[in-house]
Amino acid sequence: MEEAQYLDWNNSTQILNKAYEAGLFVLIIGPKGTGKTSLVRDFAKNKNINQESINFSLRTRESHLIGTKTLTDGTVSFEEGLLIKSMTSGDMLYLDEINSAEADVLLRLDEALDDRRQIVLKESTGEVVKAKEGWFVVATINPLSHSGTKELPPQLLSRFPVRIRLEYPPENIELEIVKKYVSGNHEAEIIQAIKLANTLRQAAAVEELFYSPSLRETIAFGKLLDKGMSPKEVADIVFGNVYTQWGNIEYQKVSDIITSMFGN
């Protein structure tokens with residue numbers, strides 16, 4: 001099945017368009033599984049621009065961004081990293097979960113993102129790499145409640161003056177999104193699953209639960225119903241079982257909610 005197109009329910013695409021035209025970098029803030037990556041991928045596709053992506057973690061090094069020296073048949077050459085590649089080609093650069101990166105990585109990034117849009121290649125010849133006209137950068141951050149995330153330094157935040165807040169969509173919109181991926185035969189059950197997901201999200205938001213289910217889970221729920229499984233069984237598998245990671249009390253709390261919504 002071809003990937004469904006992003007359903008833009010809060011005008012995010014228009015904001016991205018305006019920022020792109022104005023040459024301003026964009027920060028998208030929101031929990032996991034709200035469609036941040038789908039939004040950016042669809043934007044690049046519709047604009048017909050090439051997109052380079054870096055997914056940040058504690059293991060991301062400066063060399064991933066800038067590049068490394070390589071030795072081939074006795075010749076030393078420099079293999080460009082994704083940041084340098086996107087700057088020289090004027091491609092769009094997508095920095096996913098930027099607030100999971102280490103401080104030294106963010107420092108190098110900050111150098112490239114300031115108003116001069118240039119970086120000194122101290123790893124190679126010391127030349128100055130200037131970004132090609134039209135270079136566009138979009139970054140995403142998860143709220144600080146997600147493990148491994150840190151606060152972005154203020155000077156780096158200021159490099160992204162356009163900020164889009166992406167929350168979980170309203171229930172009727174989430175239903176529309178799920179229906180793009182599944183047959184239309186189980187609407188009542190999917191509506192119930194979305195209600196369940198929102199109950200769990202609200203509990204996670206006030207730290208009563210450790211995990212907040214994403215749009216991926218409600219889509220998975222619909223797909224498994226299409227395979228002939230019962231709603232209660234699918235709710236346990238998709239929404240319930242993950243909570244055993246935090247012990248039996250946590251799991252039981254969620255299990256009781258599922259039983260009250262889907263029966264035994």
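A salt bridge is defined here as a side-chain nitrogen of Lys or Arg lying within 4 Å of a carboxyl oxygen of Asp or Glu. The model is predicted, so local features require a pLDDT of at least 70 and side-chain atom pairs a pLDDT of 80 or more, whereas totals for chains, interfaces and linings use all residues. Residues are numbered from 1 along each chain as its sequence is written, and side-chain values use heavy atoms, with hydrogens and water left out.

The protein is divided into domain 1, residues 12-165, and domain 2, residues 171-262; these bounds come from an automatic or database domain assignment. Taken over C-alpha atoms, the centres of domain 1 and domain 2 are 33 Å apart.

Burial is expressed as relative accessible area, with a 1.4 Å probe and protein chains only: under 20% is buried, over 50% is exposed, and values in between are partly exposed. A nonpolar core is a set of buried Ala, Val, Leu, Ile, Met, Phe, Trp, Tyr and Cys residues joined through side-chain atoms within 4.5 Å. The largest such core has 44 residues, among which Leu-83, Leu-95 and Ile-98 touch the most other members. Leaving aside residues up to four places away in sequence, Ile-98 is in contact with Phe-56, Leu-106, Leu-109, Ala-139, Thr-140, Ile-141, Leu-152, Leu-156 and Phe-160, contact meaning heavy atoms within 4.5 Å. A second, separate core comprises 25 residues, including Leu-175, Ala-203, Ala-235 and Val-254.

The structure contains 12 salt bridges. One of them joins Asp-236 to Lys-232, with 2.8 Å between the closest N and O atoms. Asp-236 and Lys-232 are separated by about one helical turn because they lie four residues apart in helix H10, residues 231-240. Helices (H or I, at least four residues) are DSSP runs numbered from the N terminus. Both partners are buried: Asp-236 has a relative accessible area of 18%, and Lys-232 one of 16%.

Arg-116 and Asp-114 also meet through their side chains in a salt bridge, at an N to O distance of 2.9 Å. Here Arg-116 counts as exposed, at 55% relative accessibility, while Asp-114 counts as buried, at 14%. In the salt bridge between the side chains of Lys-179 and Glu-187, the N to O distance is 3.0 Å. Lys-179 is partly exposed, with a relative accessible area of 33%, and Glu-187 is likewise partly exposed, at 35%. Elsewhere, a network of salt bridges links Glu-62, Arg-108 and Glu-111.

Terms used. Helix = DSSP H or I, 4+ residues; strand = E, 2+ residues; numbered from the N terminus.
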